[in-house]
Amino acid sequence: MLDLLVIGAGLTGLTAALRAAESGLKVKVIAKGLGSLHWSAATVDVMGYPAPSPVAAKNPWEGWQSLPAAHPYHRLGAKRIKADLDAFQAWTVALGLPYAANADPDRNTLLPSPVGAFRPVYLAPKAQFAGDVASRQPMLIAGFDGVRDFYPQLLADNLAAQGQPARSVLLPQITLTDRHDANTVHLAEALDDPARQTALGVALKSAVQPGERIGLPAILGLRAHTQVMEALTRITGATIFEIPTLTPSVPGVRLTAALRTRLDQVGVRVEAGMEAIGFNATGDAIEWVETSTSSRPIRHRARNFLLATGGVLGGGFSSDHTGRFWEVVFQLPLTTPQDRGQWFRPQFFDPAGQPVFSTGVAVNERWQPVDADGKIVYRNLWAAGGLLAGADPIQERSLEGLAISTAMAAVESLTTR
Amino acid sequence: MAPIAWESVDHSLDECIKCNICTSYCPVAAVTDLFPGPKYVGPQAQRFRENGQPHSPDHSVDYCSGCRVCNEVCPTGVKIAELNARARAEIVAEHGLPLRNRLLGRNETLGKLGSIAPGLANFALQNGLSRVLAEKIMGIAREAPLPTWSTTGTFQDWLRASARTRLKSDKKVVYFHGCATMYYEPFIGRATVAVLEHHGYEVIVPTTQNCCGLPLLSNGEFGAAEKYHKNNVAHLSSYARAGFPIIGTSTSCTLTLQEEAPELLDLHDEGSDALKMATWDLFEWLRELHEKGEFRTDFKPLNLVLPYHAPCQMRAHRVGKPALELMALIPGLDVRESHARCCGIAGTYGYKQEKYQIAMDVGEELFDFVGEQGTDVRYSACDSETCRWQLEHGTHLPSRHPVEILAAAYGFYDLDKRELISAYTVNDHRSTTMSLNTLIIGAGAIGCLAGAKLALTGQTVTLAGRASFVQAMRERGLSYTDETGQHIVRNIRPAGSIDEAFARAESAFDLAVLTVKSYDTTAALAELSDALASTGAPAPALLSMQNGVGNEDAIAAVLPAATVIAGSITTPVSMQGPGAIRVDKPRYGLGLGLWRGPAESALFAESVATFTNAGFAVKTFASAPGMKWTKLLMNMMGNAIVAILGETPEQVFADSRMVDLEIAAWREALAVMDKAGIPALNIDGYPFATLAPLIRTAPGFLIRPVLRAQIGGARGGKLPSLAIDLQSGKPRSEVFWLNGAVVDKGKAAGVPTPVNRLL
Ligand code: SF4
Ligand code: SF4
Ligand code: SF4
């Protein structure tokens with residue numbers, strides 16, 4: 001019998017599973033598909049915009065007073081979140097995909113986004129971290145002819161407009177691959193080949209000027225990322241950094257792969273393609289969750305269940321044209337107003353965010369879902385990550401911080417019962 | 001042509017959020033430009049396809065292998081692979097289909113044809129020239145890993161031949177074998193029947209089943225596929241309604257019966273639904289047994305590193321990896337899970353000339369994984385036949401179905417030869433419900449023989465012997481050669497000492513078999529009683545398979561509470577080196593007699609049953625001393641004389657003076673037995689009871705020819721153990737326990753024994 005069934009294979013689910021397995025629990029992860037990490041830059045954002053403001057927060061631990069009272073961060077506190085993120089960073093180092101943080105733990109770092117905006121992040125893969133705009137060291141943004149969704153000229157222009165010196169160069173795609181049509185993952189895979197690394201290094205060397213660092217789309221190797229970074233640095237003599245791309249995001253694929261490798265080592269199975277279609281509870285305890293198959297549904301039994309299916313964008317909630325809005329696995333009570341009129345503000349990109357995005361599953365101090373009266377819904381159910389009520393992770397830029405810290409807190413709660 | 005139904009997948013289109021995760025994981029898009037990836041040919045292109053309007057905007061969809069990796073990873077549940085399969089069917093409807101695809105789609109017809117003259121068909125198939133022609137004319141890649149027809153008959157042939165001996169039971173399951181098991185790999189079917197019967201289930205194999213239709217579906221021939229599926233529904237759904245599970249070992253067949261056929265062909269009638277719900281992958285079904293506590297785990301250790309790949313079709317079942325979970329229960333087996341996306345072959349995809357290289361490139365991830373598991377890997381494992389063939393093609397290592405692994409772990413399947421082992425007659429494993437944990441002391445010819453035969457029938461065996469034996473065992477297993485050829489037996493635990501045997505035992509030994517030379521008995525017994533005392537384990541029953549007559553008494557004296565069984569083996573077997581024996585004559589005679597113990601000793605009865613199951617011709621003797629003494633007579637013959645003269649038994653018996661000496665020694669022994677009240681018996685073709693009066697009284701010239709024929713012939717040119725001992729310069733010799741025993745007993749009984757004393 002499993003100690004814990006985690007539902008959802010995004011950052012929340014994988015973090016919770018690893019934490020639980022490391023504290024000795026028998027864990028399995030099921031998920032409908034592979035998680036949202038694939039469309040994220042795979043940085044760890046803790047708090048970029050605590051208040052509706054166009055200015056990014058310098059210190060991620062400040063300005064929380066403007067967050068809703070039900071925000072999970074209030075319950076956790078900065079100290080604890082910091083400790084959790086330290087633990088996460090230690091994992092990444094152990095997994096060979098090291099993340100870096102600002103030397104000052106009370107500082108966000110600004111990194112270029114795919115279009116050259118500044119993104120406030122707390123932790124980032126080392127390769128991205130070298131794009132920190134604080135130093136203003138000039139950048140050469142290198143792109144590739146025919147590679148979709150990465151425009152070096154636009155990027156460099158936008159960076160320069162914000163005071164970060166940058167120029168661009170466009171290399172032929174043939175430097176990376178003989179293929180005509182390849183997406184970012186395919187390109188990254190092509191660069192796993194040392195011959196390609198050399199070819200790219202040589203091309204960059206002839207384009208770079210002294211004192212410049214080189215920004216490239218985040219395709220610098222899939223399995224051989226470290227080697228690619230080393231080879232390019234060695235050949236060019238310059239600092240190399242990655243800028244995240246639109247989906248599919250290679251840094252996200254790398255992080256997923258690294259976490260899954262680790263989970264594999266500690267005996268946790270991650271089963272994708274498993275869509276939850278039902279569950280059974282006796283009294284106030286969940287007995288099993290049922291997933292669809294090519295024939296009879298199968299039942300996953302466990303002592304405890306952790307829901308990590310994400311919010312509206314992650315697929316944890318669904319709605320239909322009648323205005324019904326529900327949590328897809330356990331039909332948990334939501335804080336979402338049933339009146340659709342209150343879900344959105346008139347402007348989709350309203351800086352105050354959309355009310356519907358900060359609604360979700362309410363939990364008590366033990367990270368267990370509760371109903372409107374604060375009563376625990378199922379005594380062996382926990383919830384974490386983007387589906388929690390009180391946060392608007394997209395608008396706040398707190399998605400990963402929230403995922404990691406609530407996942408760890410929920411696991412701690414269920415193991416110290 | 002059946003109209004292509006889009007309804008059931010169309011709505012899933014709107015779920016696509018254009019995240020491109022599918023494209024990142026699609027193994028085909030990863031290796032070729034010819035295929036732009038699932039998102040483009042699936043949900044995106046679908047917008048331009050109209051129901052009933054056979055105009056696909058993009059023929060590159062033909063490069064989709066149908067592996068369904070995209071379905072598995074899509075976060076929103078778009079049925080991309082099904083969209084692609086339909087689009088392909090539209091293209092086929094519009095443009096028709098090349099002969100090649102028609103052929104490849106008709107696996108069953110090909111199977112039947114080839115089985116008429118499998119040798120010839122295989123020759124044609126593996127022959128370079130005909131493969132070049134097949135490539136030129138039909139576009140079947142000449143390097144592709146095509147299967148070979150079974151030359152030992154189809155599965156149906158075996159079913160017919162084994163009909164009377166197969167298990168009948170109230171518990172029944174239906175087996176859907178599929179074309180591959182029927183025509184190419186009947187051994188998969190045999191292993192499956194054996195495993196199911198091992199769980200007490202009668203296996204029904206309806207002869208009316210036919211191909212599931214998958215190859216036709218994946219080649220876009222929906223109309224022909226529909227006929228196949230409807231026929232299966234017509235013949236199998238009654239079993240489903242009656243509540244029988246319909247179990248398959250080919251993951252593509254089961255997936256097709258469950259989901260692919262009904263969904264792609266839009267068949268949702270009651271019969272199709274019943275079949276869908278009753279169909280199981282074998283391991284998914286066994287996992288259910290396991291959850292109910294009914295899965296048998298009487299495994300023998302399988303000391304293998306086994307890279308395992310769950311094929312795409314298994315993953316498309318969405319039931320996890322049940323074969324992996326169950327194989328993990330086998331002791332000694334180190335299963336390494338592959339996370340490779342696809343082996344590349346995807347049914348018949350990789351057979352096609354234009355796709356062969358793509359398939360090999362896709363498979364590289366998996367081939368590399370297998371290669372990384374070390375050089376001592378002997379097999380890979382996979383549930384799907386085409387994937388196994390591809391794996392073998394790409395790795396040059398044999399690949400096995402998990403049911404073969406399971407059957408081997410139960411002890412009734414030979415993984416190399418891919419056959420039920422000779423000792424398995426269909427009923428054997430059922431009478432072996434008891435399982436004795438046996439310790440064999442002494443790894444000489446007899447110890448190895450007993451160990452090999454017990455282990456081959458799945459008994460738990462520990463064999464304690466010298467360091468050279470332990471090393472040989474660790475390096476290559478026990479080499480056992482009998483009339484059926486050489487067997488490498490690995491499921492024996494070697495131990496360098498009795499102490500070590502006890503230290504490594506998971507449970508108490510039920511039976512200890514003493515096979516050391518008689519002069520080592522005392523030391524072995526001392527070691528055994530020390531081990532018992534220090535571990536506090538209960539004393540096992542003791543069976544002496546030694547020559548000579550003092551051993552049982554010695555055992556009885558050292559272990560006063562133990563059941564003691566006297567045994568005598570009468571099969572000529574010789575040592576070929578440490579842990580390597582050869583049976584010279586397959587007689588397997590084994591006499592067993594209860595020496596000391598309760599009259600209705602259960603352990604004695606179980607020992608008899610266990611050795612019978614192991615393939616010994618067991619004969620029980622009411623008088624254990626009679627049996628032992630008679631055996632002594634046999635061994636005396638030749639042993640001493642040959643040893644001294646250094647001649648082979650044939651030479652000895654050819655010399656009449658020697659025979660006379662033998663006869664004199666025998667006469668003494670018989671007199672001693674007579675006096676002590678021990679009867680001479682007829683053992684295993686040696687008619688001592690009949691000969692005894694003759695030997696005692698008749699003149700030498702009458703006896704000699706009889707002896708020559710009876711004994712010289714039986715032992716042949718093989719040196720008796722005594723001569724070997726003397727030749728290898730050992731100080732002690734078993735002679736003291738043979739002729740010496742006669743002298744001792746004679747003394748006790750007051751019978752003079754000058755000849756034996758001399759020898
Ligand atoms: S993975 Fe699914 S949702 Fe994403 S692009 Fe592919 S089909 Fe669309
Ligand atoms: S079924 Fe396989 S080959 Fe076809 S699109 Fe999906 S992932 Fe690619
Ligand atoms: S999937 Fe099964 S039944 Fe269908 S062709 Fe292949 S072996 Fe035959």
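**Close-ups of a predicted model**

**View 1. Around B:Leu286.** Leaving aside residues up to four places away in sequence, B:Leu286 touches B:Val195, B:His199, B:Phe295, B:Leu326 and B:Leu406. Keep in mind that this is a predicted model.

**View 2. The largest nonpolar core, with its 80 residues.** B:Leu286 turns up again here, listed with B:Trp285, B:Leu333 and B:Leu406 as the residues with the most contacts inside the core. The top contributor is H13(B), which puts in seven residues. Domain 2 (153–291) and domain 3 (304–420) of chain B each supply at least three residues.

**View 3. Another core, of 79 residues, lying apart from the one in the previous view.** Look for A:Leu2, A:Phe88, A:Leu334 and A:Trp367, which are among its members.

**View 4. Helix H22 (residues 385–395) of chain B, tucked in.** Eight of its eleven residues are buried, so the rest of the structure largely encloses this helix. The buried set runs from B:Glu385, B:Thr386, B:Cys387 and B:Arg388 through B:Trp389, B:Gln390 and B:Leu391, plus B:Thr395. They pack against helices H12 (178–184), H13 (186–198), H16 (251–265) and H21 (353–372) of chain B, along with strands S7 (380–382) and S8 (399–400) of that chain.

**View 5. A right-handed β-α-β unit in chain A.** The pieces are S9(A), helix H8 (residues 225–236) and S10(A). Strands S9 (residues 213–217) and S10(A) run parallel and are joined by four bridges; A:Ile214 has A:Ile240 as its bridge partner in S10(A). From S10 (residues 240–243), A:Ile240 and A:Glu242 point one way while A:Phe241 and A:Ile243 point the other, and all are buried.

Note on methods. Residues are numbered from 1 along each chain as its sequence is written. Chains are lettered from A and ligands numbered from 1 in the order in which they are written. This is a predicted model: local features need pLDDT of at least 70, side-chain atom pairs count only at pLDDT 80 or more; totals for chains, interfaces and linings use all residues. Side-chain values use heavy atoms; hydrogens and water are left out. Buried means under 20% relative accessible area, exposed over 50%, partly exposed in between (1.4 Å probe, protein chains only). Helices (H or I, at least four residues) and strands (E, at least two) are DSSP runs, numbered from the N terminus. Contact means heavy atoms within 4.5 Å. A nonpolar core is a set of buried Ala, Val, Leu, Ile, Met, Phe, Trp, Tyr and Cys residues joined through side-chain atoms within 4.5 Å. Domain bounds come from an automatic or database domain assignment. Two strands pair if DSSP finds at least two bridges between them. A crossover is right-handed if, with the strands pointing away from the viewer, the path from the first strand over the helix to the second runs clockwise.
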